[in-house]
Amino acid sequence: MKMNRRQMMAATAGAAAFVATGFRISPARATPEATQEAIDAFTGGAKPETGRITLDAPEIAENGNTVPISVSVESDMTEESYVEEVSLFAEGNPEAHVATFKFSPMSGSADATTRIRLASSQNVIAVAKMNDGSVFMDTKEVKVTIGGCGG
Amino acid sequence: MRTPGILAAAALALAMGATSLVFAEPADEELVIDGEIEMQTRVEAAEDHPFDEVISGWHYRTEETRALEADSFANPGMLYVEEGEEIWNTVEGSQGKSCASCHDDAAESMAGVGASYPKWNEEAGKPFNIELQINACREQNMGAEPYKFDAPQQKALTTFIKHQSLGEPVDIDLEAGEMQSWWDRGEDLYYTRTGQLDLACATCHEGYNGQYIRADHLSQGNANGFPTYRLKQANMVSLHNRFRGCIRDTRAEFPDAFSDELMALEVYVTWRGEGLSVETPAVRQ
Amino acid sequence: MASRPRVRVPKTASAGDVIDIKTLISHQMESGQRKDADGNTIPRQIINSFTCEFNGQVVFACDIQPAVSANPYMEFKAKVNESGTFKFTWVDDDGSVYETEEQIEVS
């Protein structure tokens, strides 16, 4: 594989961040392509629309080991119309899939918050699957900083 | 006021990969835990203090990290407070005692204690921090083995005991015994450059306080939140672990935990943060 | 590994309220990506699933991968129409199951 300079820089920065965040460099890094495959597997190939889902993530994370992430999906959350699942993906992590939240009409509201590990600065993607089969997506770029002297 | 002298900016830039140093004001917000406990995180410094204002490291962290500390449920450090409470009530050693056997309810007996340590110990002829006091109790009263440095139980129990002073202002007694001479030695160490990078504590935490090295917003380096939950380790970090980490990062050999050097430094650094509320378990990057 | 769950559920609510639930459990979430000093991969050991039930029905659940941080935190909502019991379950890779329950009074 030939790398251009930008990819090389990104890979180097990623490697530094891996050490910094307690991950070790893994030969099999997720790529945007692998992430897309994971998303397709989740959606069953349905094309995600924009809107209805909001992913909240810090623009800059102080440490990639603990990054707070929230998702919120607009829905009545009734038996007729509700959010079934929301999957989170991180395209620069060793494995793209981060977590899948499973909702029900008893959730009342399709909101969830957790804390995740990000190996480097990268896009985080949230995909919501509704009970009628429609799919919505939101993406946020999170910059993962490398700390002071110790990294 | 002592100044750390001309800063080795070039050395810093090389070592930290910094291309420029940027100043940012500490966040102008108030820390109120669970909307109830108002914390003193910015206080006027004593006359002989190198700063005009003593500021908690909380103000130097991002909004997300600050929020973790403001909610005692969201704060992962509280898991270790709960673990410490269990240890407090667990009988160990040949004498069949727990901490609670002598000290009963920690909420009463330990209230304010964490704010007043390190404290002169006449018998040992040196200042004791909470960790040393716990070990002395275990050996002398419980007939139990002392904890090894940074044993999970030591960190949890120290966190639990200091947490009983949450919100209390740090206030140590320098009049007792020979505390003043330990303070003097600590002050010397604080301003002594060390390691291949030739950095003193004061280089970063006084001279460059408020600026960034790489992505790290340099705090005043106060001790009021220790043991502190660090996102990097996703665990509790003790004060002596942080001292050693900082000294290691100057590429110097670092002293043993609880050695005379680091106890002197603890006395001095704790004094620099007097007036700030105990925040244990604080949440830092 | 000893894991201690913490949950926060309101003690009372009105019928039809959507309440906020927070959960936290101590767990190091060994990712399977790290190596020990000898260069051997440290085997993965994580909490791989979380479930919240109310009076026996699943309200919210989560499939968890190694990219979820140590001491996993979950915050979510639940609609309550009657008094009852929330049951929370975490499943560890080693087969351990951690459970806790909370009551709510709904008027």
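Q: Hi! Which side chains meet in a salt bridge between Lys102(A) and its partner in chain C, and how many Å apart are the N and O?
A: Hello! The partner of Lys102(A) is Asp63(C), and the salt bridge has an N to O distance of 3.4 Å. Keep in mind that this is a predicted model.

Q: How many salt bridges does the rule find across the interface of chain C and chain A?
A: The rule finds 1 salt bridge across that interface.

Q: And what about polar contact there, how many residue pairs?
A: Between chain C and chain A the count is 18 residue pairs in polar contact, both residues being at pLDDT 80 or more.

Q: Which strands of chain C supply at least two residues each to the side that touches chain A?
A: Those are strand S3 (17-25), strand S5 (57-64) and strand S6 (73-80) of chain C. S5(C) gives the most to that side, with 8 residues.

Q: How do the residues on that side of chain C divide into nonpolar, polar and charged?
A: The side of chain C that touches chain A has 18 nonpolar, 6 polar and 6 charged residues.

Q: How many residues are in contact, and what area do the two chains bury?
A: On the chain C side 30 residues are in contact with 29 residues of chain A. Between them, chain C and chain A bury about 2,500 Å², with 51% of it on carbon and sulfur atoms.

Q: Which strands do the bridges join across the two chains, and do they run parallel or antiparallel?
A: Strand S6 (residues 110-116) of chain A is joined to S6(C) by 2 bridges, and the two strands run antiparallel.

Q: What does S7(C) pair with?
A: Strand S7 (residues 84-92) of chain C pairs in the antiparallel sense with strand S4 (residues 47-54) of chain C, over 7 bridges. S7(C) also pairs in the antiparallel sense with strand S8 (residues 97-106) of chain C, over 8 bridges.

Q: Which residues are partners in those pairings?
A: Ser49(C) has Val91(C) in S7(C) as its bridge partner. Phe88(C) stands opposite Thr100(C) in S8(C).

Q: What takes a positive phi in the hairpin of S7(C) and S8(C)?
A: That residue is Gly95(C), with a phi near 95°, in a hairpin that has 4 residues between the strands.

Q: Changing topic: what domains does chain B have?
A: The domain assignment gives domain 1 (38-75 + 176-284) and domain 2 (77-163) of chain B. Their centres, taken over C-alpha atoms, are separated by 22 Å.

Q: How do domain 1 and domain 2 of chain B touch?
A: 28 residues of domain 1 of chain B are in contact with 26 residues of domain 2 of chain B. The two domains bury about 2,200 Å² between them, 67% of it on carbon and sulfur atoms.

Q: Which residues of domain 1 of chain B lose the most area to domain 2 of chain B?
A: Met236(B), Phe258(B) and Met263(B) do, and together they account for 25% of what the domain 1 side buries.

Q: How many salt bridges and polar contact pairs are across that interface?
A: The rule finds 0 salt bridges between domain 1 and domain 2 of chain B. It does find 8 residue pairs in polar contact, both at pLDDT 80 or more.

Q: Which helices and strand of chain B supply at least two residues each on the domain 1 side?
A: They are helix H8 (179-191), strand S10 (235-237), helix H10 (239-249) and helix H11 (260-272) of chain B. H11(B) gives the most to that side, with 5 residues.

Q: How many salt bridges does a search of the whole structure find?
A: The search finds 19 salt bridges over all chains. Among them is one between Arg61(B) and Asp216(B), with the closest N and O atoms 3.4 Å apart.

Q: What does the pair of Arg61(B) and Asp216(B) tie together?
A: Arg61(B) lies in the loop between strand S4 (53-55) and helix H2 (63-70) of chain B, and Asp216(B) lies in strand S8 (residues 216-217) of chain B, so the pair ties together parts that are 155 residues apart in sequence.

Conventions. Residues are numbered from 1 along each chain as its sequence is written. Chains are lettered from A and ligands numbered from 1 in the order in which they are written. This is a predicted model: local features need pLDDT of at least 70, side-chain atom pairs count only at pLDDT 80 or more; totals for chains, interfaces and linings use all residues. Side-chain values use heavy atoms; hydrogens and water are left out. Domain bounds come from an automatic or database domain assignment. Contact means heavy atoms within 4.5 Å. Buried area is the accessible area (1.4 Å probe) that two parts lose on being put together, summed over both. A salt bridge is a side-chain nitrogen of Lys or Arg within 4 Å of a carboxyl oxygen of Asp or Glu. A polar contact is a pair of N or O atoms within 3.5 Å; within protein, one must be able to donate a hydrogen and the other to accept it, and residues adjacent in sequence count only if both atoms are side-chain atoms. Two strands pair if DSSP finds at least two bridges between them. Ala, Val, Leu, Ile, Met, Phe, Trp, Tyr, Cys and Pro count as nonpolar, Asp, Glu, Lys and Arg as charged, and the others, Gly among them, as polar.
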